[in-house]
Amino acid sequence: MTQINKETVLYLADLCRIAVTQDEQDSLMSDLSRIVTYIEQLNEIDTKDVKPCNNVSSKLTKTPLRDDIPKATLLQKEFIKNAPDHIAGLVRVPSVLKSTDDVM
């Protein structure tokens with residue numbers, strides 16, 4: 001059985017670039033342990049005679065998906081009229097990325 005310890009939680013938090021408090025570490029350690037235990041239980045199931053399934057979505061939907069028919073798109077001028085802010089024919093959006101100096 002795989003053991004999830006605080007070092008593993010801190011390593012994963014570092015990979016994800018997230019800060020975790022002591023309480024969050026304990027909660028994550030518990031949650032991850034339960035997930036790993038569940039996966040280990042799944043590994044015990046005998047799937048020798050089960051055919052591989054490459055596409056399940058067609059079996060899950062009772063109604064067929066609509067045909068993908070190309071249609072006319074908006075002209076750039078019409079599209080830009082709907083944008084709250086634009087510059088030089090492009091939609092201006094707030095910055096979501098920080099500089100690489102801020103990350104580390």
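**Chatting through the helices and loops**

Biologist: Hi! Where is arginine 17 found?

Modeller: Arginine 17 sits in the loop between helix 1 and helix 2. Helices (H or I, at least four residues) and strands (E, at least two) are DSSP runs, numbered from the N terminus. This is a predicted model, where local features need pLDDT of at least 70, side-chain atom pairs count only at pLDDT 80 or more, and totals for chains, interfaces and linings use all residues. Residues are numbered from 1 along each chain as its sequence is written, and side-chain values use heavy atoms, with hydrogens and water left out.

Biologist: Thanks! What is phi of arginine 17 near?

Modeller: Phi is near 60° there, a positive value in a residue other than glycine. Alanine 88 also is not a glycine, and its phi is positive too, at about 50°.

Biologist: Where is alanine 88 found, and is that residue buried or exposed?

Modeller: Alanine 88 lies in the loop between strand 1 (86-87) and strand 2 (90-91). Alanine 88 is exposed, with a relative accessible area of 76%. Here buried means under 20% relative accessible area, exposed over 50%, and partly exposed in between (1.4 Å probe, protein chains only).

Biologist: Back to the helices. At what angle do the axes of helix 1 and helix 2 cross?

Modeller: Helix 1 (residues 6-16) and helix 2 (residues 22-43) have axes that cross at roughly 105° and come within 9 Å. So helix 1 is roughly perpendicular to helix 2. Angles of 65 to 115 degrees count as roughly perpendicular, under 35 as roughly parallel, over 145 as roughly antiparallel, and the rest as oblique. The axes are lines fitted to C-alpha atoms, for helices over the stretch in contact, and angles run from 0 to 180 degrees between N-to-C directions.

Biologist: Which residues meet there?

Modeller: From helix 1, Lys6, Val9, Leu10 and Leu12 meet Gln22, Gln25, Asp26, Leu28, Met29 and Leu32 of helix 2. By class, that contact has 6 nonpolar, 2 polar and 2 charged residues. Ala, Val, Leu, Ile, Met, Phe, Trp, Tyr, Cys and Pro count as nonpolar, Asp, Glu, Lys and Arg as charged, and the others, Gly among them, as polar.

Biologist: Is glutamine 25 buried or exposed?

Modeller: Glutamine 25 is buried, with a relative accessible area of 10%. Leaving aside neighbours within four places in sequence, glutamine 25 is in contact (heavy atoms within 4.5 Å) with Lys6, Val9, Leu10 and Val20.

Biologist: And what about glutamate 24?

Modeller: Glutamate 24 is partly exposed, at 38% relative accessible area.
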